[in-house]
Amino acid sequence: MSLTGKWGCTLNLPDEVCSAPHLAVITGAAGGLGAALAADLDAQGWATIRLDVRLPDDDPGNGYAQPTVFLPLDVREDAELAQLGERLRRPRERFLVVAAAGVISAGLAENLSVAEWRRVVEVNLTGTFVTLRSMIAAAKVADTGRLLAISSDAGKTGEAWLSHYSASKFGVIGLVQSLALELVEHGVTVNAICPSIVDTPMMDQLARQMADATGEADVEEWRRRFVAEVPSGRACLPGDVTSVVTFLASEGAGFLTGQSLNVAGGHEMH
Ligand SMILES: NC(=O)c1ccc[n+]([C@@H]2O[C@H](COP(=O)([O-])OP(=O)(O)OC[C@H]3O[C@@H](n4cnc5c(N)ncnc54)[C@H](O)[C@@H]3O)[C@@H](O)[C@H]2O)c1
């Protein structure tokens with residue numbers, strides 16, 4: 001079976017990856033949180049399938065400890081994801097999916113175009129649905145099946161300038177809770193992680209857009225303001241999130257499902 005990637009190329013999926021006893025699929029893995037997570041899982045002995053709509057920041061296949069493959073796929077591509085999920089549907093010890101692909105933009109709802117609303121909701125919410133749904137069968141046949149989605153603290157409490165982003169991340173939590181109930185009898189857990197502001201390219205983009213849109217402070221000042229909102233006094237680091245993913249992926253977390261865990265330095269508490 002061949003998969004066709006974003007640029008029309010046929011994607012190679014080596015058998016040593018497909019049949020790995022510990023296999024993780026991570027979306028949004030070309031950079032930011034997804035790339036950091038993939039690297040941590042690689043170091044822990046997981047084979048990884050890294051998906052992104054763009055090419056990775058680092059050189060895929062170079063210097064990785066475990067078998068890995070990078071697939072240029074858009075998480076909105078239902079047919080491609082379904083094909084991938086079918087290919088991965090085989091018994092193994094541990095199967096982990098982390099839906100981390102996401103987009104953001106800053107805009108007051110009053111001025112936000114419906115097109116921009118749809119773009120953000122389609123990637124963040126529909127893309128998470130497409131990703132998790134496509135991997136359900138593969139998770140069911142693994143001894144330990146774990147589905148995770150990266151929501152946000154903006155998925156717990158609304159934020160000005162981010163109505164579309166916040167709505168998409170609230171939606172991810174509803175999706176995760178519903179899937180958790182549907183899959184609990186199959187021993188598959190489904191959870192969300194809600195980070196506060198994370199020091200990634202997404203944070204830079206948001207600071208830049210807020211500086212341009214408001215004109216009241218420069219990019220550095222916006223970064224400082226984001227961090228100042230966090231009681232711990234610093235931005236969330238990718239490692240703060242990956243350590244929680246490691247726990248949720250472990251056998252010991254088998255009774256924990258349908259949860260949305262704040263990794264937010266005290267910024268979000270419900
Ligand atoms: N950075 C933050 O402050 C922050 C806070 C809370 C939650 N999050 C969430 O964490 C996740 C990771 O964000 P990040 O900070 O690493 O952002 P990032 O922009 O650094 O990385 C996101 C990745 O997703 C990819 N992507 C975008 N659209 C895609 C698509 N349609 N298909 C496949 N890949 C796509 C991008 O190419 C990029 O590599 C996102 O879901 C984001 O909403 C981020």
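Predicted model: local features only at pLDDT ≥ 70, side-chain atom pairs only at ≥ 80, totals over all residues.
Residues are numbered from 1 along each chain as its sequence is written, and side-chain values use heavy atoms, with hydrogens and water left out.

**Ligand surroundings**

I then read off the residues around the ligand, 29 in number, of which L33, D52, Y165, V198 and T200 come nearest; a residue is near a molecule or strand if one of its heavy atoms lies within 4 Å of it. For D52 I found a polar side-chain atom 2.6 Å from an oxygen atom of the ligand, and for V198 a backbone N or O atom lying 2.7 Å from an oxygen atom of the ligand.

**Overall form**

I looked up the secondary structure of the protein and found nine helices and nine strands, where helices (H or I, at least four residues) and strands (E, at least two) are DSSP runs numbered from the N terminus. The radius of gyration is 18 Å, which agrees with the value near 18 Å for a compact globule of 270 residues; the radius is taken over C-alpha atoms, and the globule rule is 2.2 Å times the number of residues to the power 0.38. Along the principal axes, the C-alpha atoms fill a box of roughly 55 × 40 × 35 Å. Buried residues make up 51% of the 270 residues, buried meaning under 20% relative accessible area, exposed over 50%, and partly exposed in between (1.4 Å probe, protein chains only).

I found S168 in helix 6 (residues 163–183), and S168 counts as buried because its relative accessible area is 0%. The side chain of S168 reaches the backbone oxygen of Y165 at 2.6 Å. W161 lies in the loop between strand 7 (142–150) and helix 6, and its phi is near 75 degrees, a positive value in a residue other than glycine. With a relative accessible area of 23%, W161 is partly exposed.

**Helix 8**

I asked how many aromatic pairs there are, and the count comes to one. W222 and F226 form this pair, which is tilted, with 6.1 Å centre to centre and 40 degrees between the planes. Rings of Phe, Tyr and Trp (its six-membered ring) pair if their centres lie within 6.5 Å, and planes under 30 degrees apart count as stacked, over 60 as edge-to-face and the rest as tilted. Because W222 and F226 are four residues apart in helix 8 (residues 219–228), about one helical turn separates them. I found both W222 and F226 buried.

**Helix 9**

I placed T246 in helix 9 (residues 238–249), where T246 is partly exposed at a relative accessible area of 28%. T246 and L41 are 205 residues apart in sequence, yet 7.9 Å apart in space, C-alpha to C-alpha.

How values were computed: Polar contact = N/O pair within 3.5 Å; in protein donor to acceptor, adjacent residues only side chain to side chain.
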